[in-house]
Amino acid sequence: MTMPDKQERFKTLLRQKGLKVTIQRIAILEALESRPDKHLTAEEIYECVKMKNPEIGLATVYRTIQLLAELNLIDKLNLGDGYVRYEIGQGSDDSTHHHHHLICLNCGNVLTYQGDLLETLEHKIREAMDFEVVDHEVKLFGYCKDCREEELRKKQ
């Protein structure tokens, strides 16, 4: 997909949510979409956006992030490291499936696992409890391959 196609898709999404299309909003959505496996803080988003738009202020980035998160265009994450992080939202692309975050307790690296392993559980919950799950967030804590290999080398 070329960049103009993404911009048009973002413009359409903003209009569907009743928002005016602004350079700042498009820039933030592009920054997050261009780094799908990164879970960026507001400050990191600001650093990415100001490269192309040096006139943008940090306060504008914060306000825009808050608005986009309220409209589910971006997702707010707390990965247990003391920072609020953001990623492109499920609501921004209907084809996006649930994904889960794998957090290494040693190096802090966050991996994304694509796929929804909870569909069966959600179905059982609906049948047993008459409760419809509309969203979920899964964080799995453990040790990444590199940290496990490093630990094995230390033991040898």
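The legends below describe an overall view and several close-ups of a predicted model.

Local features are given where pLDDT is at least 70, side-chain atom pairs count only at pLDDT 80 or more, and totals for chains, interfaces and linings use all residues. Residues are numbered from 1 along each chain as its sequence is written, and side-chain values use heavy atoms, with hydrogens and water left out.

**Figure 1. Overall view of the protein chain.** The secondary structure comprises 6 helices and 5 strands, where helices (H or I, at least four residues) and strands (E, at least two) are DSSP runs numbered from the N terminus. In order from the N terminus, the elements are α-α-α-α-β-β-β-β-α-β-α. The C-alpha trace spans about 55 × 45 × 30 Å along its principal axes. Of the 156 residues, 34% are buried; buried means under 20% relative accessible area, exposed means over 50%, and partly exposed lies in between, with a 1.4 Å probe and protein chains only. The accessible surface is about 10,300 Å², and carbon and sulfur atoms account for 52% of that surface. Accessible areas come from the Shrake-Rupley method with a 1.4 Å probe, and for residues only the protein chains shown count as cover. Among contacts with a separation of 6 or more, 45% are between residues 24 or more positions apart, a contact being heavy atoms within 4.5 Å.

**Figure 2. Crossing of helices α2 and α4.** Two packed helices are described by the angle between their axes and the distance between the axes. The axes of α2 (residues 23–33) and α4 (residues 58–70) come within 10 Å and cross at roughly 70 degrees, which makes α2 roughly perpendicular to α4. The contact involves Gln24, Arg25, Ile28 and Leu29 on α2, and Thr60, Val61, Thr64, Ile65, Leu67 and Leu68 on α4. By class, the contact residues of α2 with α4 are 6 nonpolar, 3 polar and 1 charged. Axes are lines fitted to C-alpha atoms, for helices over the stretch in contact, and angles run from 0 to 180 degrees between N-to-C directions. Angles under 35 degrees count as roughly parallel, over 145 as roughly antiparallel, 65 to 115 as roughly perpendicular and the rest as oblique. Ala, Val, Leu, Ile, Met, Phe, Trp, Tyr, Cys and Pro count as nonpolar, Asp, Glu, Lys and Arg as charged, and the others, Gly among them, as polar.

Figure 3. Strands β1 (residues 74–78) and β2 (residues 84–88) run antiparallel and are joined by 5 bridges; two strands pair if DSSP finds at least two bridges between them. Lys76 has Tyr86 of β2 as its bridge partner. The hairpin has 5 residues between its strands, and Gly80 in the turn has a positive phi of about 85 degrees.

**Figure 4. The open sheet β4-β3-β5.** This sheet has 3 strands in the order β4-β3-β5, with mixed pairing. β4 (110–114) and β5 (139–142) are at the edges with a single partner strand each, so one side of each has no neighbour in the sheet. Neighbouring strands are turned by 25 degrees against each other on average, direction ignored. Of the 6 residues of β3, 5 are buried.

**Figure 5. Pairings of strand β3.** β3 (residues 99–104) pairs with β4 in the antiparallel sense over 5 bridges. His99 has Gln114 of β4 as its bridge partner, and Ile103 stands opposite Val110 of β4. β3 and β4 form a hairpin with 5 residues between them, and Gly108 in its turn has a positive phi of about 80 degrees. With β5, β3 pairs in the parallel sense over 4 bridges. Here the bridge partner of Cys104 is Gly142 in β5.

Figure 6. Most residues other than glycine have a negative phi, and most peptide bonds are trans. Asn72 has a positive phi near 60 degrees. Asn72 sits in the loop between α4 and β1 and is partly exposed, at 44% relative accessible area. Asp130 has a positive phi of about 55 degrees. Asp130 lies in the loop between α5 and β5 and is exposed, at 67% relative accessibility.

**Figure 7. His123 in helix α5.** His123 belongs to α5 (residues 119–129). His123 is partly exposed, with a relative accessible area of 46%. The C-alpha atoms of His123 and Val133 are 8.5 Å apart, and the two residues are 10 residues apart in sequence.
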